Amino acid sequence: MKVVTLWLDGLWDRNPGLIQLLGLCPLLAVSNTLENAIGLGLATLFVLVLSNASVSLIRHLVDDAIRLPVFVLVIAALTTCAELLVQAFDYPLYQSLGIFLPLIVTNCLILGRAEALARREPFVISTMDGLAQGLGFFLVLVSLGALREWASETLILAALPPGAFIALGLLVALHQAIQSKLKHLRAKVIADTKDRRVRTTGDIS
Amino acid sequence: MTLRLAAFGLITSLFVGVIYVITKPLIIEAKEEARIAQLYALAKPLLSKGAIQTPVRKELPSSAPTSLERPLMITPITDSNGQIGSVIPFRSTEGYSGTIQLLIALDQDQRIVGLRAIDHKETPGLGDKIDTRKTDWILSFNGLSYEDLSPNDWAVDKDGGRFDSFTGATITPRAVVNALRDTLSYFNANPELLEVSL
């Protein structure tokens, strides 16, 4: 059950990009093209999964006094590794992501997950949470990138920074609309089952 | 706990170090490839007539401006009659964050054929307009030679010169224009330094 909630939270119910609104700076800045969005999304996913995993592994070794510096150390080291790897294997991507690749270190989603979950939960749960949250972030980044790249062919605004805010706003609105429909549906299903139960009891008596 | 924190610092540094050593040769190779691709894009107008040769090391006298590396690696472009141009790296340390690496292609009259910022860490949305991926600002230098403008005009408009400084981010274009001016005026005074014997 916990695992299902974990995945639902990361991908939909508490999606980092659409509900928690974490990591907005890279989300808005690097979503101008689909390729950039995929690149940064994967790099963030990589750092988040490994940081959650390592924070969970060392959770019994750190006390409150050194917890934050150690987590920052871990995240900074992983971000540097991600930067080196992208540089080695996709240099043009490294050039077009520019400063936003090293800035993954300041993405509050990563430190947020370490603080909120990974420092208390066992390895498997933490890693899975990193994967779920990272994938949730990745999917929003990629949808935003695809949306903006597609729209910018007819509307130059979509490629500019204000376009990023508007596009994200539309995505958040869409998410809210679907969410309230879902809630409605869920309530209806529960009401229906109750109705039937009432009728069944009525028939018997 | 202090000791433990130090240990964590050591372990993470070690980890980064290992990745660094593994990726280093790959990064050098990727950078070299990107540089050569840039070189071709930069010298395109000259390449219809000539071909890029292997870079030549050139020792510079101590009077050379700080915008030039020592020794300087000049990439000559030649046709059957000899040199028709050169591609020269230069840099500016006056940028907003870190060194801005630039590359310039000159023809034999020292006219600018192409200019690019090949590596920089300037602020996104402000200083990074020197990058051709963001704006065409740096292309506005094409076709100019040092003697076309008076020395005072080789500056951004905020400093009384001819070149557009971006609103809110003067430091970056100023760094580029000043380094370009130093480089061009130096080669204008010492044209023999660009001659490469083949």
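Pro76(B) stands opposite Ser86(B), a residue of strand S4(B). The model is a predicted one.

**S3 and S4 of chain B**
- Strand S3(B) is joined to strand S4(B), residues 82-92, by five bridges, and the two strands run antiparallel.
- The link from S3(B) to S4(B) is a hairpin of two residues.

**S1 and S2 of chain B**
- Strand S1(B), made of residues 51-52, pairs with S3(B), residues 72-79, through two bridges in an antiparallel arrangement.
- Within S3(B), Thr78(B) is the residue opposite Ala51(B).
- Strand S2(B), residues 56-58, is also antiparallel to S3(B), with three bridges between them.
- Arg57(B) has Met73(B) of S3(B) as its bridge partner.

**H3 and H4 of chain A**
- Helix H3(A) spans residues 34-57 and helix H4(A) spans residues 64-89; their axes come within 9 Å and cross at roughly 145°.
- The crossing of these two helices, H3(A) and H4(A), is right-handed.
- On the H3(A) side, the residues in contact are Ala43(A), Phe46(A), Val47(A), Leu50(A), Ser51(A), Ser54(A) and Val55(A).
- On the H4(A) side, they are Phe71(A), Val74(A), Ile75(A), Leu78(A), Thr79(A), Ala82(A) and Val86(A).
- Sorted by class, the contact between H3(A) and H4(A) holds eleven nonpolar residues, three polar ones and no charged ones.

Key. Residues numbered from 1 in each chain as written. Chains lettered and ligands numbered in written order. Predicted model: local features only at pLDDT ≥ 70, side-chain atom pairs only at ≥ 80, totals over all residues. Pairing = 2+ DSSP bridges. Helix = DSSP H or I, 4+ residues; strand = E, 2+ residues; numbered from the N terminus. Axes fitted to C-alpha atoms, helices over the stretch in contact; angles between N-to-C directions. Left-handed = near helix turned anticlockwise from the far one by under 90°. Contact = placed C-beta atoms within 7 Å. Nonpolar A, V, L, I, M, F, W, Y, C, P; charged D, E, K, R; others polar.
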